[in-house]
Every structure is written in structure tokens, then in C-alpha cells.
Amino acid sequence: MNTLFIDDTTERWQDFSKIAVSFGWNAAWAIDYNAATNGFGYREYDIVFLDHDLGEGKMTGYDVAKFMVQHGINCKLVVIHTMNPVGGENIHTLLRNTGYKTIRASGSWKDAEFLKKLVSVVNNP
């Protein structure tokens, strides 16, 4: 399973990558908008984990979501893992209204049981 983890926090990426490796997932990291949008050009992802706040004064996860919609980026699931409730809701609404399957998961992405459930969501559209 190919995953893209979009978050500006190194520690979160390190936590996620350890879990992803334990599941046998291919995990890529994008630290900001530019890395995320460039990453979409390299491969298709089954799951995109998307944070809203990608650094102070920088483009946000909402901007990444708009890019996904505008460029028809395919993925089976977007996991919105932001702690920003307004930003998360905006991403969720945009993606849901344009046909993406989304799950809100502010802290639960760290939980192995939650991640196992994601696999069943991805494999059963």
C-alpha cells in the first residue's frame, strides 16, 4: 500500500513511518505544499494523510486538497489528521463534496488498530 504523509512535524513523520513499515506499507513524507504537490507526480497513493497547518505563513493542507481536486489526484482515502478543527472541517467538506472518501482522525492515526481498519476501508470501496 502506498501512503503519503503530509505534515510539517518531523516527530510525527518518524512516528508514522515506524508504524507504516511495521504494516509493510510504502510511506512517503511531504513536509509542505510544494513537496506534497511534487509527490503526486511520482506515484499514485492509496492513502493520503493530510495535516492542515503546514508551517506558519505557508500554504496549508486545504491548499493541498484544492490541488488534489483541481488536478484529479486519485487516491482511495484521505485521512485528515489535523488538530485544527476549522481547517480540518474545510478540507473534509471540500474533498467530500468532490467525491473523495475521507476520515477525520486528529490523533488516532498513531493507533495501530485504527490503521488496520483503514486497510479494510481502502480494500472495500
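Q: Where is alanine 65 found?
A: This is a predicted model. In it, alanine 65 sits in helix 3.

Q: Is alanine 65 buried or exposed?
A: Buried. Its relative accessibility is 0%, so it falls under the 20% cut-off.

Q: What is alanine 65 in contact with, leaving aside neighbours within four places in sequence?
A: Leu50, Ile91, Leu94 and Leu95.

Q: And how far is alanine 65 from valine 78 in space?
A: 9.5 Å, C-alpha to C-alpha. In sequence, alanine 65 and valine 78 are 13 residues apart.

Q: Let's go to isoleucine 91. Where is that one found?
A: In helix 4. Isoleucine 91 is buried, with a relative accessible area of 0%.

Q: Which residues is isoleucine 91 in contact with, beyond four places in sequence?
A: Leu50, Asp51, His52, Gly61, Tyr62, Ala65 and Ile80. Leu50 is also in contact with alanine 65.

Q: How far is isoleucine 91 from alanine 36?
A: Their C-alpha atoms are separated by 15 Å. Along the chain, the two are 55 residues apart.

Q: Back to the helices. How do the axes of helix 3 and helix 4 cross?
A: At roughly 5°, and the axes come within 9 Å. An angle under 35 degrees counts as roughly parallel, so helix 3 is roughly parallel to helix 4.

Q: Which residues make the contact?
A: From helix 3, Gly61, Tyr62, Ala65, Lys66 and Val69. From helix 4, Asn90, Ile91, Leu94 and Leu95.

Q: How do the residues of that contact divide into nonpolar, polar and charged?
A: 6 are nonpolar, 2 polar and 1 charged.

Q: New topic: the core. Which residues of the largest nonpolar core touch the most other members?
A: Leu4, Ile6, Phe40, Val48, Val64, Met68 and Val78. The core has 23 residues.

Q: Which elements each supply at least two residues of this core?
A: Four strands do: strand 1 (2-6), strand 2 (26-30), strand 3 (47-50) and strand 4 (77-80). So do helix 2 (33-39), helix 3 (61-70) and helix 4 (85-97). The largest share, 4 residues, comes from helix 3.

Q: What does leucine 4 touch, not counting residues up to four places away?
A: Ala28, Trp29, Ala30, Ala36, Phe40, Tyr45, Ile47, Val48 and Phe49.

Q: How many residues are in the second, separate core?
A: 15, including Trp25, Ile47, Ala105 and Leu115. Ile47 is also touched by leucine 4.

Q: Now alanine 27. Where is it found?
A: In strand 2. Alanine 27 is partly exposed, with a relative accessible area of 31%.

Q: What does alanine 27 touch, not counting residues up to four places away in sequence?
A: Thr3, Trp13, Phe16 and Ala20. Alanine 27 and lysine 101 are 19 Å apart, C-alpha to C-alpha, and 74 residues apart in sequence.

Q: Zooming out, what does the secondary structure come to?
A: 5 helices and 5 strands. Along the sequence, the pattern is β-α-β-α-β-α-β-α-β-α.

Q: What is the radius of gyration of the protein chain?
A: 13 Å. A compact globule of 125 residues would have one near 14 Å, so the chain agrees with that. The C-alpha trace spans about 35 × 30 × 30 Å along its principal axes.

Q: How many of the residues count as buried?
A: 47% of the 125.

Technical notes. Residues numbered from 1 in each chain as written. Predicted model: local features only at pLDDT ≥ 70, side-chain atom pairs only at ≥ 80, totals over all residues. Heavy atoms only, no water. Core = buried A, V, L, I, M, F, W, Y, C linked by side-chain atoms within 4.5 Å. Buried < 20%, exposed > 50% of the residue type's maximum accessible area, 1.4 Å probe, protein only. Contact = heavy atoms within 4.5 Å. Axes fitted to C-alpha atoms, helices over the stretch in contact; angles between N-to-C directions. Parallel < 35°, antiparallel > 145°, perpendicular 65-115°, else oblique. Nonpolar A, V, L, I, M, F, W, Y, C, P; charged D, E, K, R; others polar. Rg over C-alpha atoms; globule rule 2.2 N^0.38 Å.
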